[in-house]
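This report describes selected helices, sheets and single residues of one protein model. The sequence and structure come first, and the description follows.

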Amino acid sequence: MDEHKTPLLSNDQSSSSSSSSSVVASSLKWVLKVVMSVIFVTWVVFLLIYPGTLGDQLVTKWKAIFSKTLYGLTGSLFVIFNGPILLISVLASLYLIISGEEKVFTKKKISKFPRLRLWTFPVLVDGPFGVVSAAEFLGILVFFVFFLWAIYAYALRNLSLVEKFHVLPDEKSVFLLEVTGMRFGMVGLLGMVFLFLPISRGSVLLRLIDIPFEHATRYHVWLGHTIMAFFTLHGLCYVVGWTIQGQLLTKLLEWQANGIANLPGVITLVVGLLMWVTSLHTVRKLYFELFFYTHQLYIVFVVFLALHVGEFLFSIVSGGIFLFILDRFLRFCQSRRTVDVISAKSLPCGTLQLVLSKPPNMRYNALSFIFLQVRELSWLQWHPFSVSSSPLDGDHHVTVLIKVLGGWTAKLRDQLSNLYEAENQDQLISPQSYPKITTCVEGPYGHESPYHLGYENLILVAGGIGITPFFAILSDILHRKRDGKPCLPSKVLVVWAIKNSDELSLLSAIDIPSICPSFSKKLNLEIHIYVTRQSEPLLEDGMVHKVVHPSVKPKQTNGCPMSVIVGTGDNIWSGLYLVVSTIGFIAMITLLDIFYINKYNITTWWSRGLLFLVCMVASVLIFGGLVVFFWHRWGHKTSQVEAKGNKKVALNVEEPHNPSAAELKGLEIEEEDVQSYTTMRYGTRPDFREIFESLNGKWGSVDVGVIVCGPAALQATVAKEIRSHSICRSANHPLFHFNSHSFDL
């Protein structure tokens with residue numbers, strides 16, 4: 001632990017045994033970090049040198065050792081390419097278990113030179129990558145150098161093959177085309193080692209480095225574009241070579257028993273190109289459903305890739321795919337449960353508020369999000385929404401705010417309107433025709449640790465509906481201040497830009513004075529609101545936050561709370577799920593080799609590739625499914641025990657209610673408090689340079705956490721000012737740390 005840090009909250013009655021256990025836990029975590037770092041660096045170095053002669057020699061020696069074992073060449077490649085990442089995943093699970101649920105936040109001594117954090121300092125703010133932190137820039141640079149090095153190394157090896165096989169001059173061009181195509185395909189496979197890791201929503205690896213799924217998704221996008229470019233060049237080289245030979249159609253339709261099967265490769269490339277084209281930003285933005293449905297063809301892509309290259313080469317990329325299958329099956333198990341909607345209402349600005357039931361033992365942090373499905377609207381579409389409620393708001397509910405922007409959200413608004421009308425005509429509507437809202441939920445997902453609690457000074461920048469996750473942050477901080485729980489933030493500045501003043505009704509989603517009545521004594525809170533498309537306030541602007549629309553409570557049909565079976569849930573169960581499934585996969589491969597492949601001398605590449613993939617899926621379904629079954633039973637019993645311990649708690653207690661006359665009278669007093677820390681500006685946009693400069697005298701030389709939730713243009717503007725401010729800052733100026741929270745799925 002850092003000797004310059006002291007606990008924010010001390011416990012004078014803590015025993016020596018608890019202190020010693022804390023030391024042991026910290027030591028174990030340090031050892032695990034070192035071991036995982038060494039494994040990861042060694043693995044990355046191996047991948048970097050693999051395209052060269054040295055890497056080829058190392059793999060040849062490794063294959064010679066493993067060829068004498070039961071697993072043969074396939075096992076050798078699987079261990080060297082995927083063993084490290086699977087081992088890191090297991091160790092990461094152990095690390096998270098040791099870390100436990102509660103995070104200890106520490107107060108740092110004021111330093112003349114605040115720390116520069118690679119993950120939060122923006123280096124690039126414009127361009128195709130969007131806002132890129134220093135750590136991300138280093139990662140991009142490593143991949144860029146690797147791909148250039150791989151092309152160069154393989155080009156040298158191709159030329160040496162021409163001399164080695166004494167290729168005739170007339171055949172040299174075709175030979176080089178085919179060998180070059182093979183090399184491009186190999187580079188694409190090496191990139192696929194990482195492709196599926198960022199899109200495993202509950203991935204233990206993402207939780208280990210504390211990168212939420214919605215942020216990691218863009219790594220998948222970057223890798224996907226690069227890999228498909230190499231796969232396209234791979235196919236193009238072969239097509240040109242076969243055309244020169246006059247064997248194009250024959251070669252395209254070939255399905256060899258031994259060696260690479262061409263036809264499955266053609267299908268893989270066509271499917272990959274279809275997913276690639278529909279995932280381009282313009283297409284995804286204008287035709288999201290087209291992108292969504294075509295991206296489900298990843299199953300076809302993976303299956304035919306295994307048929308194309310066989311188990312020998314498919315084992316190179318199987319580690320990331322296996323972790324993705326683990327995550328996908330867990331998400332499937334969670335999303336089958338229908339979740340009770342405690343209440344639903346429409347705010348004056350048209351934004352919808354849903355309050356969903358959750359079990360008391362479900363853990364999540366502020367800045368989390370869920371994927372929501374409404375079966376009356378679509379059985380296939382899942383949409384991400386930020387959670388606007390804090391984990392401390394209540395044990396039995398999660399709240400989301402949904403802005404009506406497209407067809408799906410418009411249908412949801414209409415369904416709520418039908419529900420409201422049906423409640424007023426309850427006696428006239430038959431049960432069969434009564435409108436319903438049947439919801440299913442995946443998640444919550446988000447940061448492993450509460451990022452917002454790690455800074456004494458916070459700036460929250462939101463655009464429009466982007467204010468939603470900041471309600472959860474403010475509520476979390478206020479609850480902690482009120483209850484005396486660990487909480488670093490003492491100064492919070494909220495900068496909110498909206499187009500029209502009707503969006504002010506979103507403020508009714510949080511009641512700050514009721515959460516912490518004397519909050520001004522415990523937290524220095526400022527809210528600056530910029531109404532960009534109005535030059536002056538409307539008469540009703542001062543009252544808009546007090547308007548309360550009637551809520552509806554949908555009639556439930558065998559619903560229940562959200563399932564605790566989620567990758568970001570219980571660390572012990574998720575770790576057990578990973579370990580048991582991995583052991584099951586190895587056991588199934590072993591049994592398959594002993595009793596089928598070796599016994600009957602199965603040598604067909606494509607069939608062995610398919611069997612390898614089947615073992616991956618079957619191990620998750622059988623062994624992982626067994627763990628999920630007991631996990632579900634445990635969650636059910638735990639919920640029952642907690643419910644018995646607090647019989648007075650009921651779902652409708654947490655439902656938002658209409659205030660009485662006395663409560664409305666109280667709201668007038670609270671309004672004075674609200675206006676005291678809220679500043680309204682009309683007809684202008686926030687000037688972040690001015691805002692940051694104004695904080696120099698107020699906050700001095702400190703680390704400042706800046707969280708931005710809004711469109712890409714807003715993120716880029718804030719990041720640009722943070723970068724210029726940090727570069728030109730003097731010793732007594734604060735250092736800003738950038739973190740974005742947005743969805744671009």
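## Helix 9 and its surroundings

Helix 9 (262-278) places its buried residues against helix 7 (213-245), helix 8 (248-252), helix 10 (281-286), helix 11 (288-295) and helix 12 (298-335). The model is predicted: local features need pLDDT of at least 70 and side-chain atom pairs count only at pLDDT 80 or more, while totals for chains, interfaces and linings use all residues. Residues are numbered from 1 along each chain as its sequence is written, and side-chain values use heavy atoms, with hydrogens and water left out.

Helices (H or I, at least four residues) and strands (E, at least two) are DSSP runs numbered from the N terminus. Helix 9 has 17 residues and spans 25 Å from its first C-alpha to its last, close to the 24 Å expected at 1.5 Å a residue; the expected span is 1.5 Å times one less than the number of residues. The buried residues of helix 9 are Asn-262, Pro-264, Gly-265, Thr-268, Val-271, Gly-272, Met-275 and Thr-278. Buried means under 20% relative accessible area, exposed over 50%, and partly exposed in between (1.4 Å probe, protein chains only).

Ser-279 lies in the loop between helix 9 and helix 10. Ser-279 is buried, at 10% relative accessible area. Apart from neighbours within four places in sequence, Ser-279 is in contact (heavy atoms within 4.5 Å) with His-225, Arg-284, Phe-291 and His-295.

Two packed helices are described by the angle between their axes and the distance between the axes. Here axes are lines fitted to C-alpha atoms, for helices over the stretch in contact, and angles run from 0 to 180 degrees between N-to-C directions. Helix 9 and helix 12 have axes that come within 8 Å and cross at roughly 155°. Helix 9 is therefore roughly antiparallel to helix 12; angles under 35 degrees count as roughly parallel, over 145 as roughly antiparallel, 65 to 115 as roughly perpendicular and the rest as oblique. The crossing of helix 9 and helix 12 is left-handed, a term used if the near helix is turned anticlockwise from the far one by less than a right angle, with right-handed used if clockwise. On the helix 9 side the contact includes Ile-267 and Val-271, and on the helix 12 side it includes Tyr-298, Phe-304 and His-308.

Helix 5 (residues 169-195) also crosses helix 12: the axes come within 9 Å, at roughly 50°. That angle makes helix 5 oblique to helix 12, and the crossing is right-handed. Met-186, Leu-189, Met-192 and Val-193 of helix 5 meet residues of helix 12, among them Leu-313, Ile-316 and Gly-320. Phe-301 and Leu-305 of helix 12 take part in the contact with helix 9 and in the contact with helix 5.

## Two open sheets

Strands of a sheet pair through backbone hydrogen bonds, either parallel or antiparallel. In this work two strands pair if DSSP finds at least two bridges between them. Strand 7 (residues 352-357) and strand 10 are joined by 6 bridges, and Leu-354 has Val-400 as its bridge partner in strand 10.

Another open sheet has 4 strands in the order 5-11-8-9, and the pairing is antiparallel. Strand 5 (338-339) and strand 9 (383-386) stand at the edges with a single partner strand each, so one side of each has no neighbour in the sheet. Strand 5 and strand 11 run antiparallel and are joined by 2 bridges, with Thr-439 of strand 11 as the bridge partner of Val-339.

## Single residues

Gly-407 is in helix 13 and is partly exposed, at 48% relative accessible area. The C-alpha atoms of Gly-407 and Leu-377 are separated by 9.9 Å, and the two residues are 30 residues apart along the chain.

Most residues other than glycine have a negative phi, and most peptide bonds are trans. Asp-210 has a positive phi of about 60°; this residue lies in the loop between helix 6 (204-208) and helix 7 and is partly exposed at 22%. Asn-601, with phi near 55°, lies in the loop between helix 17 (571-597) and helix 18 (605-645) and is exposed at 58%. The peptide bond from Gly-443 to Pro-444 is cis, with omega near 5°, and Pro-444 is in strand 11 (residues 439-445).
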